[in-house]
Amino acid sequence: MSSTFPTFATPFTSDAFRVKVGLAEMLKGGVIMDVVNAEQAKVAEDAGAAAVMALERVPADIRRDGGVARMSPVAKIREIQAAVSIPVMAKCRIGHVAEARVLESLEVDFIDESEVLTPADEANHVYKHDFKVPFVCGCRNLGEALRRIGEGAAMIRTKGEAGTGDIVHAVKHLREVTRAMKALTLLTRDEWMAAAKELGAPFELVIWVAENGKLPVPNFAAGGVATPADAALCRILGAEAIFVGSGIFKSDDPAKRARAIVEATTHWNDPARVAKASEDLGEGMKGLEAAKLAESEMLQTRGW
Amino acid sequence: MTGRPGGTPARAPGTASPRAIGVLALQGDFEAHARALAAVGVPAVEVRTAGQLLSAAGLVLPGGESTTLWKLMEGTGIAEAIAEVVRRGDPVLATCAGAILLSRRILNPERPGLGLLDVTAVRNAYGRQLDSTVVRLTDLDRTALGSDPLEAVFIRAPRLEAPGPGVEVLARRDGDPVLVRQGNVLAATFHPELGEDSRVTRLFVAAGRR
């Protein structure tokens, strides 16, 4: 037994964790685009994406085709890395430590431990402090966000319902997380532990949020973004950057729509700029109304 | 000051004065820069247009993705406004991607920069994110920075090469210039805004007071 008192916060003040959050800071105000091959990655980069996310199939196709959704094939990741100079992220399955290690060995810049893929573990996520590469994870509420940060996530994205083109759940979860953070700031110290118990979140991170009113890592939005106005809405609600999945490459004119979503993400507070970006985009992705999905069809409920 | 729903972007309370430093907020770690300036008592305002940029008292070009920044600057007059700010002698601080924009020449991939800093910038020269690191720099210009080691956070950093005769090198990492000054322009390949050490921010602010 060590004789010293525990220093819970140590991993978060380490140089290793700081450079992980540092890259997340660099992506703020930007758009991270899902791509399945080098050609799409190039379109994304040329449109001004701040990073690309490599995955096997975009969420709309995972939803349509079913089957087990896994990490992107290694050859595809290498092809994407060779094609672009912006950061390349890639998704691993929830709890799939081996996929995460493979992605780290490929030197991807960020790993998304993602509910969009079929989970590999029904109880546990990866212990992310063990990795040198940073991780992003999804959340639907503050407790889930702080559990992921406790495991070492350097970026959080509030989950929408991926592959639907319906923004409603991204909005719901952004508002939910913001409301819960505000509520924590109103508590007295005596109430912090009960709040931690209720949230199912690490005590020291609950204290940090209570004192600062925000997450200790950047908070981005994902899931259901299909238009420039959807991206602007997420920014209005406090998301610091935007992930776009099926919304771009399932639309009529991906290059133009990608460029427009980048423009709207930067100029979110200037409606005239968002309007101009929204002109002549052609058809957006057809989409699925999230409210019509059965619970078993939802991706957002994955994550523990 | 981040993530306030429906709020206006970072502008510290009561600092709507035109003497605030402009932080280019197209994409990147502009909030970290605003926080770093606030920490040394200097008001900052996010700028996203050429007009806003010209009305500020100085300019910060933050880190981020330079390819994204080029795209967002196209046809906006921002490039010309940056050149005007440099020409009229206002203090300019550029970090990482910001330093890339100002360079004379850019490699990986090759393209011209704004030509306001007489160096060649090699993008991602130290590797991918796995090679990002925190270094305590000891090869410092003591007049500008003193002698204590300077903490420097490098994130997918560029390398500056072939500095011209007008460029002073204020800090080096393994021999490579990582903090340089050319007149009123201060440029770093690392991120002083992400560290606790405020010496680089103070050097920038002091240039504006001269």
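Biologist: Is Arg259(A) buried, partly exposed or exposed?

Modeller: This is a predicted model. Buried means under 20% relative accessible area, and exposed means over 50%. Arg259(A) has a relative accessible area of 22%, so it counts as partly exposed.

Biologist: Which residue does the side chain of Arg259(A) meet in a salt bridge?

Modeller: The N to O distance is 3.6 Å. A salt bridge needs that distance within 4 Å. Both partners lie in helix H13 (residues 254–266) of chain A, four residues apart, about one turn of the helix. The partner is Glu263(A).

Biologist: Is Glu263(A) buried or exposed?

Modeller: The cut-off for buried is under 20% relative accessible area. Glu263(A) has 14%, so the class is buried.

Biologist: Which residues of helix H2 of chain A are buried?

Modeller: Helix H2 covers residues 15–26 of chain A and reaches 16 Å from its first C-alpha to its last. Of its 12 residues, 10 are buried, so the helix is largely enclosed by the rest of the structure. The buried residues are Phe17(A), Arg18(A), Val19(A), Lys20(A), Val21(A), Gly22(A), Leu23(A), Ala24(A), Glu25(A) and Met26(A).

Biologist: Which residues are linked with Glu25(A) in a network of salt bridges?

Modeller: Glu25(A) is one of the buried residues of H2(A). Its network includes residues of chain A and of chain B.

Biologist: How many salt bridges does the rule find across the interface of chain B and chain A?

Modeller: Over all chains the count comes to 40 salt bridges. Asp109(A) and Arg156(B) meet in a salt bridge at 3.1 Å, N to O. Across the interface of chain B and chain A, the number is six.

Biologist: What is the area buried between chain B and chain A?

Modeller: The contact takes 48 residues from chain B and 44 residues from chain A. Carbon and sulfur atoms give 53% of the buried area. The total is about 3,400 Å².

Biologist: Which residues in chain B lose the most area to chain A?

Modeller: Three residues together account for 21% of what that side buries. They are Arg128(B), Gln129(B) and Leu130(B).

Biologist: How far apart are the closest N and O atoms of Asp197(B) and Arg199(B)?

Modeller: Within chain B, Arg159(B) forms a salt bridge with Glu161(B) at 3.3 Å. Asp197(B) and Arg199(B) also form a salt bridge. Their closest N and O atoms are apart by 2.6 Å.

How values were computed: Residues are numbered from 1 along each chain as its sequence is written. Chains are lettered from A and ligands numbered from 1 in the order in which they are written. This is a predicted model: local features need pLDDT of at least 70, side-chain atom pairs count only at pLDDT 80 or more; totals for chains, interfaces and linings use all residues. Side-chain values use heavy atoms; hydrogens and water are left out. Contact means heavy atoms within 4.5 Å. Buried area is the accessible area (1.4 Å probe) that two parts lose on being put together, summed over both. Helices (H or I, at least four residues) and strands (E, at least two) are DSSP runs, numbered from the N terminus. The expected span of a helix is 1.5 Å times one less than its number of residues. Buried means under 20% relative accessible area, exposed over 50%, partly exposed in between (1.4 Å probe, protein chains only).
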